[in-house]
Amino acid sequence: MEDNKVIYDILTERLNLMRQLDKDGDSEHRRHIAKETQDLHAPLAHRLGLYQIKTELEDLALKFIDYDGYKHIAHELNAKKAERDAYIDKFIAPLKLKLEQEGYTFTIKGRPKSIHSIYHKMQVQHCDVDHIYDLFAIRIILDSPLEQEKSDCWQVYSIITDIFQPNPKRLRDWLTMPKENGYESLHTTVLGPENKWVEVQIRTRRMDEVAEQGVAAHWAYKGIHNSNIVSKQESVFVFTPTGDLKKLPAGATVLDFAFAIHSEVGAHCIGGRINGQNAGIRQRLINGDRIEIITSPNQHPTEGWLNDVVSQRAKNKIRQALKEMEFKSASEGREILERKFKNWKIDYTEGDISHIADKLGYKTITELYQAIALGKLEPQQLRDIFEQLTAPTPVTTPTSTTSTPSSGENAPITTAAIEIDMNVKHVDYKLATCCKPKPGEPIFGFISVTKGIRIHHCNCPNAVFMRQRYPYRLIPARWKDTRI
């Protein structure tokens, strides 16, 4: 509640300042204050739902920004006030009668559009006041219980469109989807007497109180300790190209703003335009800036971006994007390795890759996969290491000459004493040290990619593993009767 009071005080102080500005004196100073009010305080009041304050701030700002335009519209409105009041009464009469017949309790108000609103329409439509077709609006305020509010508003809409022809392009439904500041109402534009277009607003008493008084709770402000919004602030208020207000931490940059718009906009941001001027992603923002973000599909977040933003949202989104990029890169590396090892007919487990990653100095398998995706590590390197880690340890055939038994199990064995049931020539045969097969025992051969053939006992502790993982690398073998 204290935060809400501070914001009301800020806007009240600005409203009093604008009311006291004299058209005489330093015109440049007045214009600067009016421009700040138009760009910052009026949109802030609008964001909070403080429409009465917002309207008066806009009108007063226009008075000092374009005094001649302001006076021209005010004069035209005053000159035709009696004519306008008579028309409003004529328009309301059949509506009032029908609503009373249907049993509604209500209030109908007729009011001219604000000078600023009419001025804006004139600029957009390039016409004078006489050619603005909806210079005033009719507001119907219903006394309806909460549970009947929406249905009553739509029923009244039906009554209005039965009497007057509606313009379907001008229907605005803020009942189904209220504005962020809590504003709820149903707006339509109909063709009234004398073929004049009239805007009609339909709402309940509760909705009207919210619209007129605002709901500051919809916009939480913290850390502001006095009414000097410029020098004592912990936040900066800026705008999108369409005029939507964004609140960011003080010191926020173009990159912060980009992530405040959308994660994808932030991730591909290469810069922006601040008040029409080009700006880099690190450019800091000030109150009232209007920012347009420039993106490129080739742009991606980097670790350095974490130093270029101050908002927690931007930091979180950058970290998330970096993790997603890491995951994508690792997935690509995994696919490359799987494809290569499949072509080589090599079976492996995550444990095997973990051992290889550790041998190569990578902290995680993910880092290894990323290195493959980035071309820093070739699959052939992993294949070589894999073969070294999985192939049985070679052993040389005993050649001791100090003792030469003539017979028995201790007799030295040569590879010539082994027969391989394959047409393999010029291949080195060695006995495996893991099982140390002896003549006469059942044996088999295991093909090592880089170290020839190793001879194992059929009951070797590694036999089961090799049969399951590498059946295509096993070959039949047996002992000959030849001994040295």
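This is a predicted model: local features need pLDDT of at least 70, side-chain atom pairs count only at pLDDT 80 or more; totals for chains, interfaces and linings use all residues.
Okay, some ground rules. Residues are numbered from 1 along each chain as its sequence is written, and side-chain values use heavy atoms, with hydrogens and water left out.

Let's start with the pockets. Rolling a probe the size of a water molecule over the atoms shows where empty space is left. Here a pocket is an open set of points on a 1 Å grid over the protein atoms alone, where a 1.4 Å probe fits, with protein on both sides within 12 Å along at least five of seven lines; lining residues have an atom within 4 Å of a point. Volume is the space filled by probe spheres set on the points, which are joined across faces, edges and corners.

The largest pocket comes out at about 1900 Å³. Its lining has 49 residues, and His-46, Tyr-51, Lys-54, Glu-58 and Ser-117 are the ones nearest the centre. Which helix gives the most to that lining? That's α2, with eight residues. Among the other elements that supply at least two residues each are α3 (51-65), β1 (106-112) and α6 (115-125). When I say helix, I mean a DSSP run of H or I with at least four residues, and a strand is a run of E with at least two, numbered from the N terminus. By class, this lining has 13 nonpolar, 15 polar and 21 charged residues.

Met-325 and Pro-301 are 24 residues apart along the chain, and their C-alpha atoms are separated by 9.0 Å.

Now the rings. How many aromatic pairs does a search of the whole structure find? Five. A pair means Phe, Tyr or Trp rings (the six-membered one for Trp) with centres within 6.5 Å; planes under 30 degrees apart are stacked, over 60 edge-to-face, and the rest tilted. One of them is Phe-259 with Trp-305, edge-to-face, 6.4 Å centre to centre with 80° between the planes. Phe-259 is in helix α9 (residues 254-261) and Trp-305 is in the loop between β11 (291-295) and α11, so this pair ties together parts 46 residues apart in sequence. Phe-259 is buried at 1% relative accessibility, and Trp-305 is buried too, at 4%.

Another pair is Phe-341 and Trp-344, tilted, at 5.8 Å centre to centre and 45° between the planes. Phe-341 is buried at 0%, whereas Trp-344 is partly exposed at 25%. Trp-344 also has the charged end of Arg-383 over its ring, 4.7 Å from the centre. That call needs NZ of Lys or CZ of Arg within 6 Å of the ring centre and within 35 degrees of the ring normal. Arg-467 does likewise over the face of Phe-444, at 5.3 Å from the ring centre.

Cysteines, quickly. With a disulfide taken as two cysteine sulfur atoms within 2.5 Å, the count is zero. For Cys-458, the nearest cysteine sulfur is that of Cys-435, 9.2 Å away.

Asn-195 isn't a glycine, yet has a positive phi of about 55°. Asn-195 is in the loop between β5 and β6, and is exposed at 63%. Lys-436, another non-glycine, has a positive phi of about 45°; Lys-436 is in the loop between β13 (429-431) and β14 (443-448) and is exposed at 56%.

Terms used: Ala, Val, Leu, Ile, Met, Phe, Trp, Tyr, Cys and Pro count as nonpolar, Asp, Glu, Lys and Arg as charged, and the others, Gly among them, as polar. Buried means under 20% relative accessible area, exposed over 50%, partly exposed in between (1.4 Å probe, protein chains only).
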